[in-house]
Amino acid sequence: MTKKRVMCSSKDYESGAGIVLVKVSELHDFKDHPFKVEQNQELFELRQSMEKEGVLVPLLIRHNTDGDGYEIIAGHRRKAAAIWAGMEEVPAIIRDLDDDQSIIAMVDSNLQREKILPSEKAFAYKMRLEAMKHQGRVDDMTSDPLGPKYMENNRSNEQLARMVWESVTQIKRYIRLTKLIPKILDMVDRELLAIRSAVEISFLTEAEQYELHAVMELEQCVPNISQANRLKRMSQQKCLDMDMIYEILEEIKPNQREQIKIPLERIGKYFPADYTPAQQADLIEKLLKGWAQKNRKSNVH
């Protein structure tokens with residue numbers, strides 16, 4: 001009982017305006033929430049902090065429009081950490097927000113995180129941009145209320161770009177990533193495929209993307225920006241097939257060096273689950289360096 005009181009003590013929140021204690025079992029994830037909640041080191045540290053200090057920042061929620069309980073607008077990771085810590089209640093602020101207001105608040109609260117995956121940015125930017133257009137929350141729109149629709153879209157893009165400190169071009173690139181099949185989008189998140197190349201690939205049909213992914217897996221290679229652009233053009237000309245994909249990916253890239261290819265299934269199990277390809281390569285290099293030094297010493301003796 002003592003631990004539960006420390007983790008989530010109601011007396012700590014009685015003075016907070018609009019803050020109430022809500023059962024974790026009554027909290028539901030926001031529909032199409034684009035941000036991933038993984039049981040990693042960051043979540044473990046959040047859990048430890050909550051066990052020691054309690055929930056310092058209340059969740060932001062609204063009444064669930066699809067049923068009982070509440071829908072989380074901000075605080076999905078805090079909910080996951082609370083469940084991991086065995087907490088039954090968490091402090092929350094209940095707000096009466098419509099869908100567009102909720103999306104904007106949900107996206108903004110998560111974009112403050114230090115590390116955000118490309119896929120998370122892609123769907124978050126798309127959701128927020130659509131919500132902004134629905135609300136009409138675009139600067140200087142009154143100057144030409146009867147102007148063409150594309151001007152409204154451009155102003156929305158510009159306003160979002162200012163908000164998130166990205167260029168309009170980069171915003172558009174991220175949103176294009178939402179056209180990728182999940183397997184290829186996951187390659188972008190894992191830093192196996194460059195964003196610029198992925199944007200070109202996003203113009204391929206779904207069937208073509210699945211064929212491309214199969215070839216990339218089989219050949220253990222990815223297209224550079226030039227090859228990805230060729231794939232896009234071939235798709236637009238309705239002449240991209242499996243043979244053409246093989247032909248394009250087998251081309252020698254400029255300054256390409258001979259590489260040793262090790263199937264991921266052979267070594268992937270030895271790395272921590274959250275290791276990026278770059279971290280994996282660094283660890284392999286470090287271990288080989290240690291082995292080489294040890295081998296040299298043995299030869300000297």
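Modeller: Let us go through the terms one by one.

Modeller: This is a predicted model, in which local features need pLDDT of at least 70, side-chain atom pairs count only at pLDDT 80 or more, and totals for chains, interfaces and linings use all residues. Residues are numbered from 1 along each chain as its sequence is written, and side-chain values use heavy atoms, with hydrogens and water left out.

Colleague: Happy with that. What makes up the protein chain in terms of helices and strands?

Modeller: The protein chain has 14 helices and 5 strands. Both are DSSP runs numbered from the N terminus, with at least four residues of H or I for a helix and at least two of E for a strand.

Colleague: What makes Arg128 and Asp108 a salt bridge?

Modeller: The term asks for a side-chain nitrogen of Lys or Arg within 4 Å of a carboxyl oxygen of Asp or Glu. Between Arg128 and Asp108 the closest N and O atoms are 2.7 Å apart, and the pair forms a salt bridge. Arg128 sits in helix H5 (residues 118-135) and Asp108 in helix H4 (residues 99-110), so their link ties together parts that are 20 residues apart in sequence. Asp108 has 29% relative accessibility and therefore counts as partly exposed.

Colleague: How do you know that Glu42 and Arg77 form a salt bridge?

Modeller: Their closest N and O atoms are 3.9 Å apart, and the limit is 4 Å. Glu42 belongs to helix H2 (residues 41-53) and Arg77 to helix H3 (residues 76-84), so this pair joins parts that are 35 residues apart in sequence. With 47% relative accessibility Glu42 counts as partly exposed, and with 25% Arg77 counts as partly exposed too.

Colleague: What about Lys121 and Glu166?

Modeller: Lys121 and Glu166 form a salt bridge, with the closest N and O atoms 3.1 Å apart. Lys121 is in helix H5 and Glu166 in the loop between helix H6 (149-164) and helix H7 (168-176), so the pair ties together parts that are 45 residues apart in sequence. Lys121, at 17% relative accessibility, counts as buried, and Glu166 is buried with 18%. The structure holds 9 salt bridges, and Arg62, Glu71 and Asp99 are linked in a network of them.

Colleague: Why is H8 called oblique to H10?

Modeller: The axes of helix H8 (residues 182-189) and helix H10 (residues 206-219) come within 9 Å and cross at roughly 50°. That angle makes H8 oblique to H10, because under 35 degrees is roughly parallel, over 145 roughly antiparallel, 65 to 115 roughly perpendicular, and the rest oblique. Among the residues that meet are Ile184 and Met187 in H8, and Tyr210 and Leu212 in H10.

Colleague: And why is Trp291 called buried or exposed?

Modeller: Trp291 has 58% relative accessibility, so Trp291 counts as exposed. Trp291 has its place in helix H14 (residues 277-300).

Conventions
Buried < 20%, exposed > 50% of the residue type's maximum accessible area, 1.4 Å probe, protein only. Axes fitted to C-alpha atoms, helices over the stretch in contact; angles between N-to-C directions. Contact = heavy atoms within 4.5 Å.
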